[in-house]
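Reader: Here is the structure I would like to go through. Please take me through it step by step.

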Amino acid sequence: MVENVKDLLKLHEGITQEVYLDNENSSFVPQEIVDAMLPYYNKKAYGNPTLTHKPGWEAFETIMGCFQKISRHIGAKNLEEITFTPSETEANNLAIMASCFAQKEKGKKIIISEIEPINVLQVAEMMGKFGFSTTKIPVDNEGFINLEKLKEAIDNDTILVSISSVNNEVGTIQPIKEAVDIVKAKNLQTIFHTDASDAYGRIPFNAQDLKVDLATLSSFKIQGPRGIGAIYVREGISLERILEGQIGTQKLWPGVENTPLIVGFTKASELAFTNFDANTTKMRSLRDKLVDGIFAELTDLRFNGSRGVKRSPDNANISILRAEGEALTIELSLNGVYVSSGSACSRRLLQPSHVLIAIGRIFEEAHGSILMKVTRYHTEDDINYVLSVLPKAVNRIRGIVGSTGVH
Amino acid sequence: MSRIPLPYNPKVMDLFRNPKNLGKMEDATVVAIAGNPACGDMITFYLKISDEQVIEKAQFESYGCAANIATSSIVTEMIKGLTLEKAWNEITWKKVTEEIGGLPSVKFHCGVLAVGALKRAIRQYFTQKGMEFPSWLSKEHTFEEKQALEEEELAKTLSKRMKPEAEK
């Protein structure tokens, strides 16, 4: 297996340019962020922040500064409202499990949208084992949640609502404030969680203004290091811990704080929020250039999601008919362009993207979809390169398809 | 979305990059299709078969992943020059997988579908000619043909739009 991968990598020798657009699934970490992290491995603050010695106190001081900064970026009232977790996956697990366990006497109903990421969807479904039930609210063809259906679904038994602020696959920006108002008007006790992993650093997001109770943040999605995320828990919301073995400074998550990763995440946040408008304008312009360029070169495409201002500035998701997505990701990779696909073949679940099916795409359209996310670090030249490679790749794959499967 | 770092071997990659016997054949004796785009997996085989029932030429087109493309291509290589009887009896999905140097286990069905399409083509030859099936050809569908049928049955459900079509 490893031998095969070595051979696969060898096939990439001679690539003249590389453009990484799979920022949905992992990200490169820019040097300025790595540089900010490095001293915390062996120069300073490498101690346990709960212990009584200099490296421990240094760590304590460092992570408190990070709590402060992240809480400011997300619009928290105080730093106590932030808990660092090993990633957004753990934050979403915590949000759902901890909310359910804390309120099991009040009710058993969880409400999510049908396009939640799998680290919300599968966790909510898993809670069925503990007697909770999950209701999924449909979305329209652009991925916007049906607020009427949400309103109908809220009842006295509803303990938790979880709706992402921005959908991770098609970039749809949900009307979170309206959703919160609807939920709270019908049941003030219901906890409102939003996975803000795809909102944080890309659209204005203020937890206090939105009146959400819980919000998940991700580091790698703003080009910080992997392995770190955070959850915002509004003051006054009581959750039940899901993991024990408490030896750190955080009430909701055990284990020793990973200071270098927390510093890297905080640095990435600072960089995203310094010149926020310029950063997001740049992303939007690169994304539009990418999408327009692809549509100018190829026919038989479907643009997935909303096209207007209600779309995250980094997200491009296009279904390419008569081209299977896994084959396309490999062909693009051999040319130095890295993307992901909603095709069943390229996903570990062996099912096409549930998000694309939920917005009304047929399976074939989902199999031929590619997801690309630009970052503030991409350049016009990067996009030009992608545009020089992608149509050729599509045409080669379509050439193999020939008259098979043509509709 | 999670991904598997599918460890395709060099032979699969070579056939994916430079597929052999690719393309439509205008003078094919039989054309057989298996699979469905809704399943992300579809193959067309074009076979030129002599009166002596020898496969003189085989070509393919495929909609699918790299493994689907590579297995279709290798089957066309393996059956060239074989009699229909030999092709029917000797080409199994296991042999195809072996010939291609192995496949990741989640891709075994690609080999099965390719052989299903081949068996369907051979069966079709006799039906088309109005000939009775020879004794070596089972009247019952083979495992590979059944798999293809199952996939196509599933596709009937999958290809329906769950919602009205979104704007382009």
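Author: Start with a term: two residues are in contact if their C-beta atoms, placed from the backbone, lie within 7 Å. This is a predicted model, in which local features need pLDDT of at least 70, side-chain atom pairs count only at pLDDT 80 or more, and totals for chains, interfaces and linings use all residues. Residues are numbered from 1 along each chain as its sequence is written, while chains are lettered from A and ligands numbered from 1 in the order in which they are written.

Reader: Which residues is A:Tyr20 in contact with, leaving aside its neighbours within four places in sequence?

Author: A:Tyr20 lies in strand β1 (residues 19-20) of chain A. Helices (H or I, at least four residues) and strands (E, at least two) are DSSP runs, numbered from the N terminus. With sequence neighbours within four places left aside, the contacts of A:Tyr20 are A:Phe28 and A:Tyr338.

Reader: Is A:Tyr20 buried, exposed or partly exposed?

Author: Count the other C-beta atoms, placed from the backbone, within 10 Å of the residue's own: 20 or more is buried, 12 or fewer is exposed, and in between is partly exposed. A:Tyr20 has 18 C-beta neighbours inside 10 Å, so it is partly exposed.

Reader: How far apart in space are A:Tyr20 and A:Val374, C-alpha to C-alpha?

Author: In sequence, A:Tyr20 and A:Val374 are 354 residues apart. In space, C-alpha to C-alpha, their separation is 8.5 Å.

Reader: Is A:Thr83 buried or exposed?

Author: A:Thr83 sits in strand β2 (residues 82-85) of chain A. Not counting residues up to four places away in sequence, A:Thr83 touches A:Ala230, A:Ile231, A:Val233, A:Gln250, A:Leu252 and A:Trp253. Within 10 Å of A:Thr83 there are 21 other C-beta atoms, so the residue is buried.

Reader: How many of the 15 residues of α5(A) are buried?

Author: Among the buried residues of α5(A) are A:Glu88, A:Leu94 and A:Cys100. This helix is largely enclosed by the rest of the structure, because the buried count is twelve.

Reader: At what angle do α5 and α6 of chain A pack?

Author: Axes are lines fitted to C-alpha atoms, for helices over the stretch in contact, and angles run from 0 to 180 degrees between N-to-C directions. The axes of α5 (residues 88-102) and α6 (residues 118-126) of chain A are 9 Å apart. Their packing angle is about 35°.

Reader: Which residues in α6(A) meet α5(A)?

Author: From α5(A) come A:Glu88, A:Thr89, A:Asn92, A:Asn93, A:Ile96 and A:Met97. Their partners in α6(A) are A:Asn119, A:Val120, A:Val123 and A:Ala124.

Reader: How many residues of domain 2 of chain A are in contact with domain 1 of chain A?

Author: Domain bounds come from an automatic or database domain assignment. For chain A this gives domain 1 (2-21 + 276-401) and domain 2 (32-273). The C-alpha centres of these domains lie 28 Å apart. Domain 1 of chain A brings 22 residues to the contact, and domain 2 of chain A brings 19.

Reader: What gives the most to the side of domain 1 of chain A that touches domain 2 of chain A?

Author: α11 (276-297), β10 (315-320) and α13 (354-358) of chain A each supply at least two residues of that side. The top contributor, with three residues, is α11(A).
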